[in-house]
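Me: I would like to go through the aromatic rings of a structure with you. Here is the model.

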Amino acid sequence: MDTYELKHRQNSPNPTQVINHLSEARVALMFLGNGAQVTMRDRPDLKIEWLGTTFYSEVKHINRKAQDELDEVAMRSTHGKLVPIADTSRIERRHPYEQLCDVAVKKSSICIDAAVNILVVDSCSESMEPAGAMAHSATRTFDEEVRKSPPGSALRRLHGIMLITSWGSVGRNSRNVAFAMTKYAAPPMSLKLIQALDSIGLCE
């Protein structure tokens, strides 16, 4: 925790960085609560030892968006009619899953070579829901970028995207965490780790 405390103190005048560090802590606590050992570090943010595997996680926080406010206004004035929501492309020129892919592309440059790396996105925006569909759409788009990249590209270091959303899917088995694997990363993840990442949950 010394590294985390130092980062927090150094960035305390910057509210955005404070929120980012709180997301890192939230993700660290999620893994700790599932039996992992977690070391908070810098670039990538977390070193996680879990189920016989050491892997690294970069954490990205996403704030509420202007589109979320517009969606709330639209839903209050529907008068019983269906209205389209969560279309961030009208304001930001990118759909939510494309924005997730953009983050993954940007963050892949700090992934550790020859190690397992994941991106965890902690989102406060309703536009990123449902988490499962959004994470899988983002990884499919990311895989297309990887497929076009050269063999030594840093994009091939990222093993998956985990998305934490503000309220989660609807249904008996609802949860607000979803994990989606990329296709072309090396070294391969163990089946045990894949299953654990796919089933992990964060209940508020």
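Me: Which residues do ring pairs link into a cluster?

Reply: This is a predicted model, in which local features need pLDDT of at least 70, side-chain atom pairs count only at pLDDT 80 or more, and totals for chains, interfaces and linings use all residues. Residues are numbered from 1 along each chain as its sequence is written, and side-chain values use heavy atoms, with hydrogens and water left out. Rings of Phe, Tyr and Trp (its six-membered ring) pair if their centres lie within 6.5 Å; planes under 30 degrees apart count as stacked, over 60 as edge-to-face and the rest as tilted. The cluster linked by ring pairs consists of Phe31, Trp50 and Phe55.

Me: Why is the pair of phenylalanine 31 and phenylalanine 55 classed as it is?

Reply: The ring centres of phenylalanine 31 and phenylalanine 55 are 5.9 Å apart. Their planes stand at 70°, so the pair is edge-to-face.

Me: How many residues apart in sequence are the parts that phenylalanine 31 and tryptophan 50 tie together?

Reply: Phenylalanine 31 and tryptophan 50 form an edge-to-face pair, with 5.6 Å from centre to centre and 80° between the planes. Helices (H or I, at least four residues) and strands (E, at least two) are DSSP runs, numbered from the N terminus. Phenylalanine 31 lies in helix H2 (residues 15-33) and tryptophan 50 in strand E2 (residues 46-50), so the parts tied together are 19 residues apart.

Me: Are phenylalanine 31 and tryptophan 50 buried or exposed?

Reply: Buried means under 20% relative accessible area, exposed over 50%, and partly exposed in between (1.4 Å probe, protein chains only). Phenylalanine 31 and tryptophan 50 are both buried.
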